[in-house]
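Please open the model in the viewer and keep the selection panel at hand. The stops below proceed from one selection to the next.

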There are 2 protein chains.
Amino acid sequence: MVRLSKLELQVMEALWTLGRASVREIQETFAEKVRPAYTTVQTMVYRLEVKQAVRRVKKIGNAHVFEAVISRSSAQRRVVDDLLAFFGGRSQPLMAQLVESGHLTLDDVKEAEKLIRRQKAVKP
Amino acid sequence: MVRLSKLELQVMEALWTLGRASVREIQETFAEKVRPAYTTVQTMVYRLEVKQAVRRVKKIGNAHVFEAVISRSSAQRRVVDDLLAFFGGRSQPLMAQLVESGHLTLDDVKEAEKLIRRQKAVKP
DNA sequence: CGTTAGCTACTTCACGTGTAGTAGATAAGA
DNA sequence: TCTTATCTACTACACGTGAAGTAGCTAACG
């Protein structure tokens, strides 16, 4: 599984959300203030193609239409694994950090607990 | 708050753990298989000095002894914030990912819940 | 006191990443 | 059909990062 850079991940995010999209459509998912130049997005898509994270599915007019090859969750797993490596492979310090910075609410935790129980029920 | 790279963070980790240390001592915290050259660690320490994440406290023989200026938790916060940005600022998808990959146990969640309650008690 | 092991200070280098420009192909509207 | 807007393919470049070499200083040991 390849490692994707921040901007590459944002391009993937657009594709995961839109399903299929042209470079122009991907570019337009960025808020104006932070929108990269058309050719910048193009470069990212091209690099993602080389990494086989993305493929062209068809052509509309003279524009190619792309779709994601790798899934959002597999990419996210990679990101989280990288992060966890920094936290010594244990989740607690990460959780503690999330709590401390106020990002993690009781509801979030309850939700996570539910997910764990469900997962255990499925594959115990 | 500056952004630290992966290797820079590993050097910081050594300093957070050891308190004060020379370049040699920092280098030796790396497992042999992944241990960078002495001068590589030295380079990292210099860069951290420039970023004011680290400072020299004294000299033993001809070797400088360093200590961390920024705290582990502030650095970790920065890392987590960067990660959360990718997850759209919400913790749930991140939690879901942790659960799915089996990194998050029920105990971890219970522990997090305790932390949140404690935090609420302190600054409600 | 001289030699040597270790350390510092500085330099170098390659690769990844973000950023964007340009030339030429193509399509779509006047 | 001619012109213009758009897209592609390729190129360029600067900066951050990981990696390490070298020259010269320093200290410690014989």
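Two strands are taken to pair if DSSP finds at least two bridges between them. Helices (H or I, at least four residues) and strands (E, at least two) are DSSP runs, numbered from the N terminus. The model is predicted, so that local features need pLDDT of at least 70 and side-chain atom pairs count only at pLDDT 80 or more, while totals for chains, interfaces and linings use all residues. Residues are numbered from 1 along each chain as its sequence is written, and chains are lettered from A and ligands numbered from 1 in the order in which they are written.

**Stop 1: the sheet of chain B**

Select the three strands of chain B that form an open sheet; their order is E1-E3-E2, with antiparallel pairing. Strand E1 (20–21) and strand E2 (54–60) of chain B are the edge strands, each pairing on one side only. E1(B) and E3(B) run antiparallel and are joined by two bridges. Within E3(B), Glu67(B) is the residue opposite Arg20(B).

**Stop 2**

Display chains A and B together. Which residues touch? In the contact between the chains, 30 residues of chain A meet 30 residues of chain B, where contact requires C-beta atoms, placed from the backbone, within 7 Å. Helix H4 (72–86), helix H5 (91–100) and helix H6 (106–122) of chain A each supply at least two residues of the side that touches chain B. That side of chain A has 17 nonpolar, eight polar and five charged residues. Here Ala, Val, Leu, Ile, Met, Phe, Trp, Tyr, Cys and Pro count as nonpolar, Asp, Glu, Lys and Arg as charged, and the others, Gly among them, as polar.

The same surface serves both copies, since 100% of the contact residues of chain A recur in chain B.

**Stop 2: the DNA strands**

Select DNA strand C. It is surrounded by 22 residues, of which Ser5(A), Lys6(A), Leu7(A), Thr39(A) and Gly61(A) are the closest; a residue is near a strand if its C-beta atom, placed from the backbone, lies within 6 Å of it. H3(A) gives the most to this surface near DNA strand C, with four residues. The surface near DNA strand C divides into six nonpolar, 12 polar and four charged residues.

Move to DNA strand D, where Ala63(A), Ser5(B), Lys6(B), Leu7(B) and Thr39(B) come nearest among 21 residues. The surface near DNA strand D comprises five nonpolar, 12 polar and four charged residues.

**Stop 3: two loop residues**

Finish with Gly88(B), in the loop between helix H4 (72–86) and helix H5 (91–100) of chain B. Gly88(B) counts as exposed because it has 11 C-beta neighbours inside 10 Å; a residue is buried with 20 or more other C-beta atoms within 10 Å of its own, exposed with 12 or fewer, and partly exposed in between, the C-beta atoms being placed from the backbone. Then select Gln52(A), in the loop between H3 and strand E2 (54–60) of chain A.

Note on methods
Two residues are in contact if their C-beta atoms, placed from the backbone, lie within 7 Å.
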